[in-house]
Amino acid sequence: MLRPALLAVSRSARTRALVEATPLTRPVVDRFVAGAALDDAIRATRELVAGGCHVTVDHLGEDVADARDADATVDAYLRLLATVRDAGLADRAEVSVKLSAVGQFLPRDGEKIALDNARRICEAAAAAGTTVTLDMEDHTTTDATLGILRDLRVDFPWVGAVLQAYLRRTEGDCRDLATAGSRVRLCKGAYREPASVAFQRRHEVDASYVRCLKVLMRGPGYPMVASHDPRLVAIAEHLAGDAGREPGSYEFQMLHGVRPREQRRIAARGHTMRVYLPYGDAWYGYFMRRLAERPANVVFFLRSLAGT
Ligand code: FDA
C-alpha cells in the first residue's frame with residue numbers, strides 16, 4: 001500500500017514543495033545524496049574510492065520541461081567530467097544520466113534533443129577517459145531510451161544501459177543486449193508500473209531478475225549486478241562462476257547510503273563494486289523512490305520530521 005502511494009506522490013509538485021520546505025528532511029536526504037555541490041560529489045567519490053569502491057556519479061534531476069534546464073544539466077555533467085579527469089578519478093568514476101533530465105520529455109523534438117545532449121556528455125566522458133550509463137525511467141520511455149542507446153553506441157560502444165527486471169519484456173531485452181562489449185546494469189525497477197507491463201509480486205520480480213542474470217552472465221557482454229538483495233548477490237556470483245567468469249568480467253553495484261559495509265566487503269573480496277552516487281538540488285524524486293523501496297526508511301523519515 002505504502003509503495004504505490006509514495007511513488008504516486010514522487011511526481012506531485014505539491015508534495016514536493018511540502019517535503020522540500022521541511023528543514024528536518026535534510027538529514028534523511030543526506031543518507032542517500034552526496035550533497036548539493038560538485039565538490040560534495042568529488043569528496044564523496046574520493047571517500048568511496050579510498051574504501052575500495054568504484055563510483056557512478058548522477059547529477060540529480062529528471063522530467064525537465066524546458067530546453068534551458070536540459071542545457072544546464074548538460075553543463076553540470078561537462079563540469080563534473082572535467083573535474084573527475086583533473087582529480088585523477090577517471091579510472092574509478094563514471095557518470096549515470098537520465099534522458100528525461102537532458103530533454104527527452106520536451107514537447108518538440110524531445111528525443112532528438114536528448115540524443116544530442118547525451119552525445120555531448122559522451123564526448124566529454126571520452127575526453128576524460130571514462131564511461132556513461134543511461135538510467136532507465138518508467139516503461140513509457142524504455143523503447144526510446146534503448147533507441148538512443150543504439151545510436152550512441154555507434155560512436156561510443158562503451159555506453160551502458162539499465163534494464164529493469166520487473167518489466168515483462170526485460171528478459172528479451174537482455175538477450176538483445178548480451179553482446180560483446182555491452183554494459184548492462186540490471187536492477188529490479190523503482191517506478192510504479194501497471195500489471196500489464198510489469199510483475200507486481202516480489203517473488204516474480206526476483207525470479208525474472210535471476211532469468212535475466214542467466215542471460216547476461218552466459219553472454220559475452222559486461223553485466224552490472226545492481227541490487228542490495230543478498231540472495232541475488234549470491235546467485236549472481238554463482239552464475240558467474242558457472243559461466244566461467246572471473247571477478248572483473250562483471251561487477252556489483254549499490255546505491256550510496258544503502259548497505260555501505262556490504263559494499264566494502266564485496267570490494268575487499270576482489271570484486272568491482274560500483275556505488276551510484278547522486279548529488280545536486282533536485283533530490284525529491286530520487287529520495288521518494290528510496291523511501292518507497294523500504295518501509296523502514298519512511299519510519300526513519302517520519303521520526304526525524306517529528307524531531308525524535
Ligand atoms: P530490494 O528492494 O529487495 O532490497 C533488498 C535489501 O536491500 C532490503 O531488504 C534492504 O536491506 C536493502 N535496501 C534496498 N533498498 C533500500 C533503500 N532504499 N534504503 C535502505 N535499504 C534498502 N531503478 C530504476 O528503475 N532505474 C534505474 O535506472 C535504476 N538505477 C539503479 C542503479 C543502481 C546502481 C542500483 C543499485 C539501483 C538502481 N535502481 C534503478 C533501483 C532499483 O530498481 C531498486 O529499486 C533498488 O535497487 C532496490 O532493489 P534491490 O535489488 O536492492 O532489492
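Which elements make a right-handed β-α-β unit with strand 4? Strand 4, helix 8 (residues 170–177) and strand 5 do so, as the views below set out. The model is predicted: local features need pLDDT of at least 70, side-chain atom pairs count only at pLDDT 80 or more, and totals for chains, interfaces and linings use all residues. Residues are numbered from 1 along each chain as its sequence is written.

**View 1. Strand 4, helix 8 and strand 5 form a right-handed unit.** Helices (H or I, at least four residues) and strands (E, at least two) are DSSP runs numbered from the N terminus. Right-handed denotes a clockwise path from the first strand over the helix to the second, with the strands pointing away from the viewer. From strand 5 the chain crosses through helix 9 (residues 202–218) to strand 6, and this β-α-β crossover is also right-handed.

**View 2. Strand 5 pairs with strand 4 and with strand 6.** Pairing requires at least two DSSP bridges between the strands. Strand 4 (residues 160–164) runs parallel to strand 5 over four bridges, and leucine 163 stands opposite leucine 186. Strand 6 (residues 222–226) is likewise parallel to strand 5 over four bridges, with valine 225 opposite leucine 186.

**View 3. Strand 5 (residues 183–187) is mostly covered.** Five of its five residues are buried (20 or more other C-beta atoms within 10 Å of the residue's own, C-beta atoms being placed from the backbone). Arg183, Arg185 and Cys187 lie on one side, Val184 and Leu186 on the other.

Definitions and conventions
Buried ≥ 20, exposed ≤ 12 C-beta atoms within 10 Å, placed from the backbone.
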